[in-house]
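Here is a short report on the fold of one protein chain.

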Amino acid sequence: MVNFLIFGPPGSGKGTQSVRLAEKYNLTHLSTGDMLRAEISAGTELGKKMSSIMSKGELVPDEVVIEMIASKIDSTKGCAGFLFDGFPRTVAQTIALEKMLNDRGMKIDSMLVLDVDHDELVKRLITRAELSGRPDDKDPNVIENRIDVYKEKTEPIIDYCRKRGTYQPVNGMGSIEDIFERLSRNMKRYLK
Ligand code: ADP
């Protein structure tokens, strides 16, 4: 198994690229954002509790997403590896993920970090709001809060992974195809 993290601020294109990469390389795409939105649309108790946190652009509690990811890992069979998208988002989640993988004889092989300018992020999120109808994309204040939360709580993971030797920066500006090529080139080094 070869496991990748796709990493970057909100609007950096993680979701768009993950879907394509997972298909091309037979990876299981695990997006905690998608899992949480599925809970909300299914109207579960968990979804009800999480939706107000998400609509403010805050992070849901670590235990919630760690539990979701662990159960997905254990129920998935027959793929070349995992592509984690939007998880981990805190150093505590990163440590939990490392342990989870280690206990199952796996590791994080590469952390692909999409670099995108701040103005471009805001522009993409506003455009996405019109298409996706996601409440956390609609309000410019919530967008700015998500970017701030990313800087404060999520970005420190980069330093953590740099020390592990898994950090791989990727230029996230340009067309979807160009960024896909850059990510593919990087991932091919790990996939046989
Ligand atoms: P984006 O596309 O903006 O990066 P996501 O779709 O990944 O956003 O996530 C949307 C929201 O779901 C986040 O703003 C947060 O509230 C919640 N969320 C998703 N993943 C996590 C996580 N790993 N830890 C905590 N909260 C999360």
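Strand β1 (residues 4-7) pairs with strand β4 (residues 110-115). The pairing is parallel and runs over 4 bridges. Leucine 5 has methionine 111 of β4 as its bridge partner. This is a predicted model.

## The sheet

The open sheet has 5 strands in the order β2-β3-β1-β4-β5. Their pairing is parallel. Which strands form the edges? They are β2 (27-31) and β5 (167-171), each of which pairs on one side only. On average, neighbouring strands of the sheet are turned by 20° against each other, direction ignored. In general, strands of a sheet pair through backbone hydrogen bonds, either parallel or antiparallel.

Helix α9 (residues 156-164) lies across three of these strands: β1, β4 and β5. Its direction is about 140° to that of β4.

## Overall size

The protein has 10 helices and 5 strands. Its radius of gyration is 16 Å, close to the 16 Å that the globule rule gives for 192 residues, so the protein is as compact as a globular protein of that length. Along the principal axes, the C-alpha atoms fill a box of roughly 45 × 40 × 30 Å.

## Helix pair α4 and α5

Two packed helices are described by the angle between their axes and the distance between the axes. Take helix α4 (residues 62-75) and helix α5 (residues 91-103). Their axes come within 10 Å and cross at roughly 25°. Angles under 35 degrees count as roughly parallel, so α4 is roughly parallel to α5. The crossing of α4 past α5 is right-handed.

Which residues make the contact? From α4 come Asp62, Val65, Ile66, Ile69, Ala70 and Ile73. From α5 come Ala92, Gln93, Ala96, Leu97, Met100 and Leu101. By class, the contact of α4 with α5 has 10 nonpolar residues, 1 polar and 1 charged.

## Helix pair α1 and α10

Helix α1 (residues 14-25) packs against helix α10 (residues 176-188) at an angle of about 50°. The axes of α1 and α10 are 10 Å apart. The two helices are therefore oblique to each other. The crossing of α1 and α10 is right-handed.

On the α1 side, the contact uses Thr16, Gln17, Arg20, Leu21, Lys24 and Tyr25. On the α10 side, it uses Ile176, Glu177, Ile179, Phe180, Leu183, Ser184, Met187 and Lys188. The contact of α1 with α10 divides into 7 nonpolar, 3 polar and 4 charged residues.

## Helix pair α8 and α9

Helix α8 (residues 140-154) also packs with α9, the helix that lies across β1, β4 and β5. The angle between α8 and α9 is about 35°, and their axes are 5 Å apart. In α8, the residues that meet α9 are Tyr150, Lys151, Glu152, Lys153 and Thr154. Their counterparts in α9 are Pro156, Ile157 and Ile158. The contact of α8 with α9 holds 4 nonpolar residues, 1 polar and 3 charged.

## Two backbone details

Most residues other than glycine have a negative phi, and most peptide bonds are trans. Two places here are worth a look on that score.

Where does asparagine 26 lie? Asparagine 26 is in the loop between α1 and β2. Its phi is near 55°, a positive value in a residue other than glycine.

The peptide bond from phenylalanine 87 to proline 88 is cis, with omega near 0°. Proline 88 sits in the loop between β3 (81-85) and α5.

Technical notes. Residues numbered from 1 in each chain as written. Predicted model: local features only at pLDDT ≥ 70, side-chain atom pairs only at ≥ 80, totals over all residues. Heavy atoms only, no water. Axes fitted to C-alpha atoms, helices over the stretch in contact; angles between N-to-C directions. Parallel < 35°, antiparallel > 145°, perpendicular 65-115°, else oblique. Left-handed = near helix turned anticlockwise from the far one by under 90°. Contact = heavy atoms within 4.5 Å. Nonpolar A, V, L, I, M, F, W, Y, C, P; charged D, E, K, R; others polar. Pairing = 2+ DSSP bridges. Rg over C-alpha atoms; globule rule 2.2 N^0.38 Å.
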